[in-house]
Amino acid sequence: MRLRAFSARCSMNPASVIAIPSELLRALRRARFVAVLTGAGISAESGVATFRDAQTGLWTRFDPRELATPSAFARNPKRVWDWYAWRRERVASVEPNAGHRALVELERRVPEFLLITQNVDGLHQRAGSRKLVELHGNIARVKCSREGTIVENWSAEASEVPRCANCGAFLRPDVVWFEELLPEHALAAAEDAARRCEVLLVIGTSAEVYPAAGLPTLAQEHGGLVVEVNPNETPLSARADYVLRGASGAALPRLVSASWMP
Ligand code: NAD
(Lines give C-alpha, C1' and ligand atoms only; values in the text may rest on other atoms or scores of the structure.)
Protein backbone atom coordinates (compact mmCIF):
# COMPACT_ATOMS: atom_id res chain seq x y z
CA MET A 1 0.00 0.00 0.00
CA ARG A 2 1.31 3.44 -0.89
CA LEU A 3 1.58 5.86 1.95
CA ARG A 4 0.28 9.32 1.36
CA ALA A 5 2.75 12.08 0.65
CA PHE A 6 4.11 13.83 3.69
CA SER A 7 5.93 17.10 3.65
CA ALA A 8 8.02 18.33 6.54
CA ARG A 9 10.19 21.37 6.84
CA CYS A 10 13.54 21.82 8.39
CA SER A 11 16.22 24.41 8.16
CA MET A 12 19.92 24.53 8.86
CA ASN A 13 19.08 26.03 12.24
CA PRO A 14 19.28 23.10 14.68
CA ALA A 15 16.64 24.75 16.84
CA SER A 16 14.02 24.15 14.16
CA VAL A 17 14.64 20.45 13.80
CA ILE A 18 12.39 18.59 11.41
CA ALA A 19 9.79 16.17 12.73
CA ILE A 20 10.13 13.03 10.64
CA PRO A 21 6.99 10.87 10.42
CA SER A 22 7.30 7.68 12.42
CA GLU A 23 6.08 5.52 9.47
CA LEU A 24 9.03 6.73 7.46
CA LEU A 25 11.46 5.96 10.28
CA ARG A 26 9.94 2.47 10.59
CA ALA A 27 10.10 1.87 6.84
CA LEU A 28 13.74 2.86 6.78
CA ARG A 29 14.65 0.75 9.81
CA ARG A 30 12.90 -2.34 8.40
CA ALA A 31 14.12 -1.98 4.83
CA ARG A 32 16.38 -4.75 3.53
CA PHE A 33 17.47 -2.59 0.60
CA VAL A 34 17.81 1.19 0.64
CA ALA A 35 18.93 3.07 -2.47
CA VAL A 36 19.92 6.73 -2.61
CA LEU A 37 20.06 9.08 -5.58
CA THR A 38 22.07 12.25 -5.06
CA GLY A 39 22.55 15.40 -7.11
CA ALA A 40 24.55 18.59 -6.88
CA GLY A 41 22.52 19.86 -3.88
CA ILE A 42 24.16 17.45 -1.44
CA SER A 43 27.52 19.08 -2.16
CA ALA A 44 26.17 22.65 -1.95
CA GLU A 45 26.91 22.85 1.79
CA SER A 46 30.52 21.86 1.04
CA GLY A 47 30.76 24.91 -1.20
CA VAL A 48 30.42 23.21 -4.60
CA ALA A 49 28.11 25.20 -6.85
CA THR A 50 25.00 23.46 -8.14
CA PHE A 51 24.14 23.99 -11.78
CA ARG A 52 21.76 26.71 -10.78
CA ASP A 53 24.45 28.49 -8.74
CA ALA A 54 26.90 28.10 -11.59
CA GLN A 55 24.54 29.90 -13.88
CA THR A 56 24.32 32.89 -11.55
CA GLY A 57 27.88 32.80 -10.22
CA LEU A 58 31.35 33.08 -11.64
CA TRP A 59 30.35 31.55 -14.95
CA THR A 60 27.38 33.78 -15.53
CA ARG A 61 28.55 34.46 -19.08
CA PHE A 62 28.31 30.77 -19.93
CA ASP A 63 25.49 28.32 -19.53
CA PRO A 64 27.05 25.09 -18.16
CA ARG A 65 24.83 23.23 -20.59
CA GLU A 66 26.63 25.05 -23.39
CA LEU A 67 29.97 23.95 -21.98
CA ALA A 68 29.12 20.38 -21.09
CA THR A 69 28.57 19.02 -24.59
CA PRO A 70 30.79 17.25 -27.14
CA SER A 71 30.04 19.98 -29.70
CA ALA A 72 31.15 22.72 -27.26
CA PHE A 73 34.42 20.82 -26.77
CA ALA A 74 34.88 20.41 -30.53
CA ARG A 75 34.25 24.15 -31.03
CA ASN A 76 36.48 25.38 -28.25
CA PRO A 77 38.37 22.66 -26.33
CA LYS A 78 40.38 25.19 -24.33
CA ARG A 79 37.33 26.94 -22.95
CA VAL A 80 35.72 23.66 -21.88
CA TRP A 81 39.01 22.30 -20.45
CA ASP A 82 39.53 25.52 -18.44
CA TRP A 83 35.98 25.42 -17.07
CA TYR A 84 36.54 21.86 -15.82
CA ALA A 85 39.99 22.75 -14.49
CA TRP A 86 38.37 25.50 -12.43
CA ARG A 87 35.70 23.10 -11.12
CA ARG A 88 38.31 20.39 -10.42
CA GLU A 89 40.33 22.80 -8.29
CA ARG A 90 37.24 23.98 -6.48
CA VAL A 91 36.18 20.41 -5.64
CA ALA A 92 39.70 19.49 -4.46
CA SER A 93 39.68 22.40 -2.02
CA VAL A 94 36.43 21.51 -0.19
CA GLU A 95 35.44 18.79 2.28
CA PRO A 96 32.49 16.37 2.49
CA ASN A 97 29.69 17.67 4.73
CA ALA A 98 27.30 16.19 7.30
CA GLY A 99 24.94 15.02 4.53
CA HIS A 100 27.67 12.95 2.84
CA ARG A 101 28.68 11.51 6.22
CA ALA A 102 25.11 10.56 7.15
CA LEU A 103 24.95 8.43 3.99
CA VAL A 104 28.11 6.58 5.06
CA GLU A 105 26.36 5.79 8.33
CA LEU A 106 23.22 4.68 6.46
CA GLU A 107 25.31 2.32 4.30
CA ARG A 108 26.59 0.69 7.51
CA ARG A 109 23.10 0.26 8.93
CA VAL A 110 21.14 -1.41 6.11
CA PRO A 111 21.69 -4.95 4.80
CA GLU A 112 21.69 -3.94 1.13
CA PHE A 113 22.52 -0.45 -0.05
CA LEU A 114 23.42 1.45 -3.20
CA LEU A 115 24.30 5.11 -3.51
CA ILE A 116 23.65 6.36 -7.02
CA THR A 117 25.20 9.76 -7.62
CA GLN A 118 24.94 12.21 -10.47
CA ASN A 119 27.78 14.14 -8.91
CA VAL A 120 31.22 14.13 -10.41
CA ASP A 121 32.96 15.66 -7.39
CA GLY A 122 34.07 12.45 -5.58
CA LEU A 123 32.90 13.81 -2.20
CA HIS A 124 30.88 10.69 -1.37
CA GLN A 125 34.00 8.52 -1.73
CA ARG A 126 36.05 10.98 0.30
CA ALA A 127 33.41 10.82 3.05
CA GLY A 128 33.72 7.01 3.08
CA SER A 129 30.86 5.72 0.91
CA ARG A 130 31.82 2.45 -0.77
CA LYS A 131 28.68 0.95 -2.33
CA LEU A 132 28.32 3.60 -4.97
CA VAL A 133 27.85 4.12 -8.69
CA GLU A 134 28.74 7.32 -10.50
CA LEU A 135 26.23 7.93 -13.28
CA HIS A 136 27.99 10.96 -14.72
CA GLY A 137 31.66 10.09 -14.23
CA ASN A 138 34.25 11.83 -12.09
CA ILE A 139 35.83 15.21 -12.66
CA ALA A 140 39.18 14.09 -11.28
CA ARG A 141 39.61 11.51 -14.07
CA VAL A 142 40.78 12.36 -17.56
CA LYS A 143 40.35 10.35 -20.75
CA CYS A 144 41.31 10.51 -24.40
CA SER A 145 38.56 12.27 -26.34
CA ARG A 146 39.00 9.85 -29.28
CA GLU A 147 39.82 6.47 -27.73
CA GLY A 148 37.99 6.90 -24.42
CA THR A 149 40.90 5.38 -22.48
CA ILE A 150 41.57 6.73 -19.00
CA VAL A 151 44.85 8.65 -18.86
CA GLU A 152 46.72 8.79 -15.55
CA ASN A 153 49.65 10.98 -16.51
CA TRP A 154 48.82 14.45 -17.70
CA SER A 155 49.87 17.91 -16.63
CA ALA A 156 47.42 20.19 -14.88
CA GLU A 157 49.96 23.00 -15.30
CA ALA A 158 50.02 23.03 -19.11
CA SER A 159 48.58 26.18 -20.66
CA GLU A 160 47.20 24.22 -23.62
CA VAL A 161 44.74 21.33 -23.54
CA PRO A 162 46.88 18.19 -23.02
CA ARG A 163 46.92 15.54 -25.72
CA CYS A 164 46.79 11.76 -25.67
CA ALA A 165 50.30 10.29 -25.84
CA ASN A 166 48.97 7.44 -27.96
CA CYS A 167 46.89 9.11 -30.66
CA GLY A 168 47.43 12.85 -30.24
CA ALA A 169 43.76 13.70 -29.66
CA PHE A 170 42.83 16.17 -26.92
CA LEU A 171 42.29 14.84 -23.41
CA ARG A 172 38.96 15.61 -21.75
CA PRO A 173 37.38 15.11 -18.33
CA ASP A 174 35.83 11.66 -17.76
CA VAL A 175 32.36 13.07 -17.20
CA VAL A 176 29.14 12.45 -19.08
CA TRP A 177 28.18 15.46 -21.15
CA PHE A 178 24.73 16.34 -22.44
CA GLU A 179 24.02 14.34 -25.63
CA GLU A 180 26.22 11.47 -24.36
CA LEU A 181 25.24 8.05 -23.07
CA LEU A 182 25.68 7.11 -19.42
CA PRO A 183 28.15 4.32 -18.56
CA GLU A 184 26.16 1.15 -19.24
CA HIS A 185 27.15 -0.70 -16.06
CA ALA A 186 26.41 2.24 -13.78
CA LEU A 187 22.98 2.81 -15.30
CA ALA A 188 22.12 -0.90 -15.17
CA ALA A 189 23.11 -1.07 -11.48
CA ALA A 190 21.09 2.07 -10.72
CA GLU A 191 17.98 0.74 -12.46
CA ASP A 192 18.31 -2.62 -10.76
CA ALA A 193 18.53 -0.87 -7.38
CA ALA A 194 15.51 1.32 -8.17
CA ARG A 195 13.48 -1.79 -9.03
CA ARG A 196 14.52 -3.75 -5.94
CA CYS A 197 14.82 -1.18 -3.16
CA GLU A 198 12.14 -0.68 -0.54
CA VAL A 199 13.13 2.95 0.04
CA LEU A 200 14.72 5.39 -2.42
CA LEU A 201 16.05 8.65 -0.97
CA VAL A 202 16.29 11.36 -3.64
CA ILE A 203 18.58 14.08 -2.37
CA GLY A 204 19.57 17.47 -3.78
CA THR A 205 18.59 16.95 -7.36
CA SER A 206 16.38 19.11 -9.52
CA ALA A 207 15.04 15.81 -10.94
CA GLU A 208 15.21 17.19 -14.46
CA VAL A 209 18.18 15.38 -15.99
CA TYR A 210 17.25 11.99 -17.49
CA PRO A 211 17.73 9.07 -17.23
CA ALA A 212 18.54 9.66 -13.52
CA ALA A 213 15.30 11.60 -13.09
CA GLY A 214 13.38 8.48 -14.16
CA LEU A 215 14.68 6.36 -11.25
CA PRO A 216 12.10 7.53 -8.66
CA THR A 217 9.24 6.53 -10.98
CA LEU A 218 10.87 3.15 -11.59
CA ALA A 219 11.19 2.63 -7.83
CA GLN A 220 7.54 3.52 -7.22
CA GLU A 221 6.37 1.26 -10.04
CA HIS A 222 8.07 -1.60 -8.19
CA GLY A 223 6.62 -0.76 -4.80
CA GLY A 224 9.46 1.35 -3.39
CA LEU A 225 8.86 4.39 -1.21
CA VAL A 226 10.33 7.59 -2.59
CA VAL A 227 11.59 10.22 -0.15
CA GLU A 228 12.72 13.60 -1.46
CA VAL A 229 15.21 15.70 0.53
CA ASN A 230 15.47 19.17 -0.95
CA PRO A 231 14.94 22.72 0.35
CA ASN A 232 13.09 23.59 -2.86
CA GLU A 233 10.19 22.17 -4.80
CA THR A 234 11.05 20.03 -7.81
CA PRO A 235 9.03 18.16 -10.44
CA LEU A 236 9.34 15.11 -8.14
CA SER A 237 7.82 16.78 -5.06
CA ALA A 238 4.19 16.15 -5.96
CA ARG A 239 4.83 12.44 -6.67
CA ALA A 240 7.16 11.65 -3.75
CA ASP A 241 5.76 9.61 -0.86
CA TYR A 242 7.56 11.85 1.62
CA VAL A 243 9.20 15.23 1.20
CA LEU A 244 11.74 16.44 3.75
CA ARG A 245 11.88 20.09 2.86
CA GLY A 246 15.32 21.11 4.06
CA ALA A 247 19.05 21.11 3.45
CA SER A 248 20.56 17.64 3.27
CA GLY A 249 23.31 18.54 5.78
CA ALA A 250 20.59 19.00 8.41
CA ALA A 251 17.91 16.53 7.28
CA LEU A 252 20.06 13.44 6.62
CA PRO A 253 21.87 13.18 9.98
CA ARG A 254 18.49 13.66 11.63
CA LEU A 255 16.85 11.00 9.45
CA VAL A 256 19.58 8.44 10.15
CA SER A 257 19.85 9.09 13.87
CA ALA A 258 16.07 9.14 14.38
CA SER A 259 15.71 5.85 12.50
CA TRP A 260 18.26 3.92 14.54
CA MET A 261 18.51 5.71 17.82
CA PRO A 262 15.64 5.76 20.30
P1 NAD B 1 20.90 20.89 -10.09
O2 NAD B 1 21.91 22.00 -9.94
O3 NAD B 1 20.06 20.87 -11.29
O4 NAD B 1 19.93 20.93 -8.83
C5 NAD B 1 20.42 21.03 -7.53
C6 NAD B 1 19.28 20.74 -6.58
O7 NAD B 1 19.82 20.75 -5.27
C8 NAD B 1 18.16 21.77 -6.61
O9 NAD B 1 16.91 21.11 -6.68
C10 NAD B 1 18.29 22.51 -5.27
O11 NAD B 1 17.05 22.92 -4.76
C12 NAD B 1 18.91 21.43 -4.41
N13 NAD B 1 19.69 21.92 -3.27
C14 NAD B 1 20.37 23.09 -3.14
N15 NAD B 1 20.94 23.15 -1.92
C16 NAD B 1 20.64 21.99 -1.28
C17 NAD B 1 20.97 21.45 0.01
N18 NAD B 1 21.71 22.11 0.88
N19 NAD B 1 20.47 20.23 0.33
C20 NAD B 1 19.70 19.53 -0.54
N21 NAD B 1 19.38 19.99 -1.76
C22 NAD B 1 19.84 21.21 -2.13
O23 NAD B 1 21.70 19.53 -9.87
P24 NAD B 1 21.43 18.07 -10.39
O25 NAD B 1 19.98 17.71 -10.31
O26 NAD B 1 22.46 17.18 -9.80
O27 NAD B 1 21.76 18.37 -11.93
C28 NAD B 1 22.14 17.68 -12.77
C29 NAD B 1 23.63 17.75 -13.22
O30 NAD B 1 24.50 18.65 -12.56
C31 NAD B 1 24.21 16.42 -12.96
O32 NAD B 1 24.43 15.89 -14.22
C33 NAD B 1 25.54 16.63 -12.25
O34 NAD B 1 26.51 15.81 -12.87
C35 NAD B 1 25.83 18.05 -12.50
N36 NAD B 1 26.54 18.78 -11.44
C37 NAD B 1 27.31 18.12 -10.51
C38 NAD B 1 27.96 18.84 -9.50
C39 NAD B 1 28.81 18.07 -8.48
O40 NAD B 1 29.40 17.06 -8.82
N41 NAD B 1 28.87 18.55 -7.24
C42 NAD B 1 27.81 20.22 -9.42
C43 NAD B 1 27.02 20.86 -10.40
C44 NAD B 1 26.39 20.13 -11.41
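Two strands pair if DSSP finds at least two bridges between them, and in strand E6 the bridge partner of Val142 is Val151. This is a predicted model, so local features need pLDDT of at least 70 and side-chain atom pairs count only at pLDDT 80 or more, while totals for chains, interfaces and linings use all residues. Residues are numbered from 1 along each chain as its sequence is written, and side-chain values use heavy atoms, with hydrogens and water left out. Helices (H or I, at least four residues) and strands (E, at least two) are DSSP runs, numbered from the N terminus.

**The ligand and its surroundings**

- The ligand has 26 residues around it, and Gln118, Asp121, His136, Thr205 and Ser206 come nearest; a residue is near a molecule if one of its heavy atoms lies within 4 Å of it.
- This shell divides into nine nonpolar, 13 polar and four charged residues. Here Ala, Val, Leu, Ile, Met, Phe, Trp, Tyr, Cys and Pro count as nonpolar, Asp, Glu, Lys and Arg as charged, and the others, Gly among them, as polar.
- A polar side-chain atom of Asp121 lies 2.7 Å from a nitrogen atom of the ligand.
- Taken alone, the ligand exposes 840 Å², and the protein buries 92% of that; accessible areas come from the Shrake-Rupley method with a 1.4 Å probe, and for residues only the protein chains shown count as cover.

**A three-stranded sheet**

- Three strands form an open sheet in the order E6-E5-E7, with antiparallel pairing.
- The edge strands, E6 (150-151) and E7 (171-175), each pair on one side only.
- Strand E5 (residues 137-144) is joined to E6 by two bridges, and the two run antiparallel.

- The 16 residues of helix H5 (residues 77-92) should span 22 Å at 1.5 Å a residue, and its end C-alpha atoms are 22 Å apart, which agrees. The expected span is 1.5 Å times one less than the number of residues.
- Buried residues of H5 include Trp81, Trp83, Tyr84 and Arg88; buried means under 20% relative accessible area, exposed over 50%, and partly exposed in between (1.4 Å probe, protein chains only).
- His100 sits in helix H6 (residues 98-109) and counts as buried at 0% relative accessibility. A polar atom of its side chain lies 3.0 Å from the backbone nitrogen of Asn97.
- Leu218 belongs to helix H9 and is buried, with a relative accessible area of 17%. Its C-alpha atom is separated by 9.6 Å from that of Ala193, 25 residues apart along the chain.

**Backbone features to look at**

- Most residues other than glycine have a negative phi, and most peptide bonds are trans.
- Glu179 has a positive phi of about 80 degrees although it is not a glycine. Glu179 is found in the loop between E7 and helix H8 (184-196) and is exposed, with a relative accessible area of 64%.
- Ala207 has a positive phi too, near 55 degrees. Ala207 is found in the loop between E8 and H9 and is buried, with a relative accessible area of 11%.
- Tyr210 and Pro211 are joined by a cis peptide bond, with omega about 5 degrees. Pro211 lies in the loop between strand E8 (199-203) and helix H9 (215-221).

Technical notes. Polar contact = N/O pair within 3.5 Å; in protein donor to acceptor, adjacent residues only side chain to side chain.
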